[in-house]
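Work through the exercises below with the model open. Each task is followed by a worked solution.

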Amino acid sequence: MIWLLALQLTVSPAQHYENAKQDFAQRKFSEAVSEDNAALHESPYMVPALVLKARLAQLAHRPDVAKSCLITAITADPASEEAQFLLGVVDYLENDFKLAISPLQTAHALSPKNPLPVFYLAMTHEALGDESQALELYQQAENLSPQKSPQSASILVAYGKFLLSLGRTKDSVERDRRAIEADPESRDAHYELAKGLDHEGDFKNAAVEGERALTLPVLGTSDAQIHFLLANLYRKLNQPDLAKAHLEKFQAAPQTTRR
């Protein structure tokens, strides 16, 4: 036992962190927390370990812990793009939109070709009601993410949703179609396209997209949202039985999904 304890004491903070990273990648979160804490016990200002602890705290619904870790990481290394970006994301998710702007802008300056800081800046300015700035930033994010991928699909979906809110239905539908090309399995993209087609009066194809969305994994858009949309679409298509069926499923859904 003594030799085992001695061996454990010789593990470096870097090795604890590497172990934590591997555990995190394998979704072994409790093990990742233990290893990451061991790394930080030996090296309290190890920036990658602080960032990982912040990610783990977010998963545990502890934004206070995540924010504390990220502020410490930025104090130790203001040039950490990842720490700056994540701090902005935490502020955004906590609806602290004005606070989110500075770290997101810093992250963008540190990594100008990364679309994610610009994307979150766009959503932040949208939340603050700054439409012109949000439009410019959404376009920048789209330009920075030209490859077809789930990431580019998410950007296009959010951009399309914003355009629809501005009454620019045609531009919105075009973004949604491109999002589906980038990620055919995106439930959000099919749902947002269904909404856009509904606004255009193309109820039949809107219903097709809504039904397709229901078959895809739940990430952002809930089943209840889709059932509500489909109930209205089938009512417009004069198909009362289908409208009634979807309305009943919407009403039976948990209250938390009706946002």
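**Ground rules and contacts**

Residues 24 or more positions apart account for 49% of the contacts in the protein with a separation of 6 or more; a contact means heavy atoms within 4.5 Å. This is a predicted model, where local features need pLDDT of at least 70, side-chain atom pairs count only at pLDDT 80 or more, and totals for chains, interfaces and linings use all residues. Residues are numbered from 1 along each chain as its sequence is written, and side-chain values use heavy atoms, with hydrogens and water left out.

**Exercise 1. Describe the overall build.**

Step 1. Count the elements. The protein has 15 helices and 0 strands. Helices (H or I, at least four residues) and strands (E, at least two) are DSSP runs, numbered from the N terminus.

Step 2. Box the C-alpha atoms along the principal axes. The box is roughly 75 × 45 × 30 Å.

Step 3. Check burial. Of the 259 residues, 41% are buried. Buried means under 20% relative accessible area, exposed over 50%, and partly exposed in between (1.4 Å probe, protein chains only).

**Exercise 2. Classify two aromatic pairs.**

Step 1. Rings of Phe, Tyr and Trp (its six-membered ring) pair if their centres lie within 6.5 Å; planes under 30 degrees apart count as stacked, over 60 as edge-to-face and the rest as tilted. The structure holds 9 such pairs.

Step 2. Take Tyr92 and Tyr120. Their ring centres are 5.6 Å apart and the planes meet at 85 degrees, so the pair is edge-to-face. Tyr92 lies in helix H6 (residues 81–93) and Tyr120 in helix H8 (residues 115–127), 28 residues apart. Both tyrosines, Tyr92 and Tyr120, are buried.

Step 3. Take Phe228 and Phe250. Centres 5.0 Å apart and planes at 50 degrees make this pair tilted. Phe228 belongs to helix H14 (residues 223–236) and Phe250 to helix H15 (residues 240–252), so the pair ties together parts 22 residues apart in sequence. Phe228 is partly exposed at 41% relative accessibility, whereas Phe250 is buried at 16%.

**Exercise 3. Trace the nonpolar cores.**

Step 1. Define the set. A nonpolar core is a set of buried Ala, Val, Leu, Ile, Met, Phe, Trp, Tyr and Cys residues joined through side-chain atoms within 4.5 Å.

Step 2. Find the largest core. It has 46 residues, and those with the most contacts inside it are Leu70, Phe85, Phe119, Tyr120 and Tyr138. Helix H4 (residues 47–59) gives the most to this core, with 8 residues.

Step 3. Look around Tyr120. Leaving out residues up to four places away in sequence, Tyr120 touches Phe85, Val89, Tyr92 and Leu104. Ring pairs also join Tyr120 to a cluster that includes Phe85, Tyr92 and Phe97.

Step 4. Find the second core. This separate set of 21 residues includes Leu156, Val157, Ala189 and Ile226.

**Exercise 4. Which residues other than glycine have a positive phi?**

Step 1. Recall the background. Most residues other than glycine have a negative phi.

Step 2. Inspect Asn95. Its phi is positive, about 65 degrees. Asn95 lies in the loop between H6 and helix H7 (97–110) and is exposed at 54% relative accessible area.

Step 3. Inspect Asn238. Its phi is positive too, near 60 degrees. Asn238 lies in the loop between H14 and H15 and is exposed at 65% relative accessibility.
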